[in-house]
Amino acid sequence: MIKMFTTQLTGLFKRMYDKQEFEIEDGARLLAQAAIGQGSIYIKGYREMEAVTAEALFGAEPLPSAKRYESSTELTEADRVLIVTRYSTDEEAVTFAKELSAEGVPFVAVSGLVEGEESLLDLADIHLDTKVIKGMLPGDEIGERVSFPSSMAALYLYFALGFVIREMLEEYEE
């Protein structure tokens, strides 16, 4: 089971990069604007996606200019936001995204793309798809799927964004 899971994860990471290379760069560019300017990159993770917030703030290589978004946060035009949630149709995240859109605050969303409903895809300046909307492995029951590594996929995209943001900041400082 572990070998099959590892194979599936490797394929997932490769698909995310191959299909979203340009979107990752665009998302990093949007977020880097805050780090280059006088703004902050606010991160709002929902449920298990708080893993991304924790990594950005407390990991071995914290993301420059990153802060946790709190309901009391007052955003400026120089700020950018990264929303991270399991599904693109997450009601709380969509409500928050609508607020950001109404205020004109640029943001990047990371989530598993669920089509056919009100979605972060329609609201975000850049949407990155974790490509995890169901379990990756067959379960014991017929038709059952298990192993739902949404936070691992989101962390992969976070690290990809972080690499590009740091490269941009280094170029800007030269």
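## A right-handed β-α-β unit

Strand β3, helix α3 (residues 91-103) and strand β4 make a right-handed β-α-β unit in this predicted model. To picture the handedness, point the strands away from you: the crossover is right-handed if the path from the first strand over the helix to the second runs clockwise. The names come from DSSP runs, numbered from the N terminus, with helices being H or I runs of at least four residues and strands being E runs of at least two. Residues are numbered from 1 along each chain as its sequence is written. In this predicted model, local features need pLDDT of at least 70, side-chain atom pairs count only at pLDDT 80 or more, totals for chains, interfaces and linings use all residues, and side-chain values use heavy atoms, with hydrogens and water left out.

There is another unit of this kind to find: β1, α2 and β2 also make a right-handed β-α-β unit.

## The sheet

In what order do the strands of the open sheet lie? Five strands form it, in the order β2-β1-β3-β4-β5, and the pairing is parallel. Two strands count as paired if DSSP finds at least two bridges between them. The edge strands, each pairing on one side only, are β2 (66-68) and β5 (126-129). From one strand to the next, the twist averages 25°.

Let us walk along the sheet. β1 and β2 are parallel and share three bridges, and here Ile43 stands opposite Arg68 in β2. Five bridges link β1 with β3, again in the parallel sense, and Tyr42 faces its opposite residue, Val81, in β3. Strand β3 (residues 80-87) is in turn joined to β4 (residues 107-112) by five bridges, and these two run parallel. Along this pair, Leu82 stands opposite Val108, while Ile83 has Ala109 as its bridge partner. Finally, four bridges join β4 to β5, where Asp129 is the bridge partner of Ser111.

## Strands under cover

How many residues of β4 are buried? Six of its six are, so to speak, hidden: the strand is mostly covered. Here buried means under 20% relative accessible area, exposed means over 50%, and partly exposed lies in between (1.4 Å probe, protein chains only). In a regular strand the side chains alternate between the two faces of the sheet. You can follow this along β4: Phe107, Ala109 and Ser111 point one way, and Val108, Val110 and Gly112 point the other way.

Strand β1 is largely enclosed by the rest of the structure, because four of its five residues are buried.

Look for Thr85 in strand β3. Is Thr85 buried or exposed? Its relative accessible area is 0%, so Thr85 is buried. The side chain of Thr85 makes a polar contact with the side chain of Asp90, at 2.8 Å. A polar contact is a pair of N or O atoms within 3.5 Å; within protein, one must be able to donate a hydrogen and the other to accept it, and residues adjacent in sequence count only if both atoms are side-chain atoms.

Leaving aside residues up to four places away in sequence, Thr85 touches several others, among them Tyr46, Arg47, Met49, Val110 and Leu120. Contact means heavy atoms within 4.5 Å.

## Helices against the sheet

Helix α1 (residues 2-36) lies across β1 (41-45), β3, β4 and β5, and runs at about 140° to β5. Such angles run from 0 to 180 degrees between N-to-C directions, with axes fitted as lines to C-alpha atoms, for helices over the stretch in contact.

In helix α2 (50-58), Val52, Thr53 and Ala56 are buried. Seen down the axis of α2, its buried residues fall within an arc of 100°, so they line one face of the helix. That arc is the one spanned by the directions from the helix axis to the C-beta atoms. What covers these buried residues includes β1, β2, β3 and α5.

## Two serines with positive phi

Most residues other than glycine have a negative phi. Ser65, in the loop between α2 and β2, has a positive phi of about 65° although it is not a glycine. Ser65 is partly exposed, at 30% relative accessible area.

Ser147 sits in the loop between β7 (145-146) and α5 (150-173). The phi of Ser147 is positive too, at about 70°, and with 24% relative accessibility Ser147 is partly exposed.
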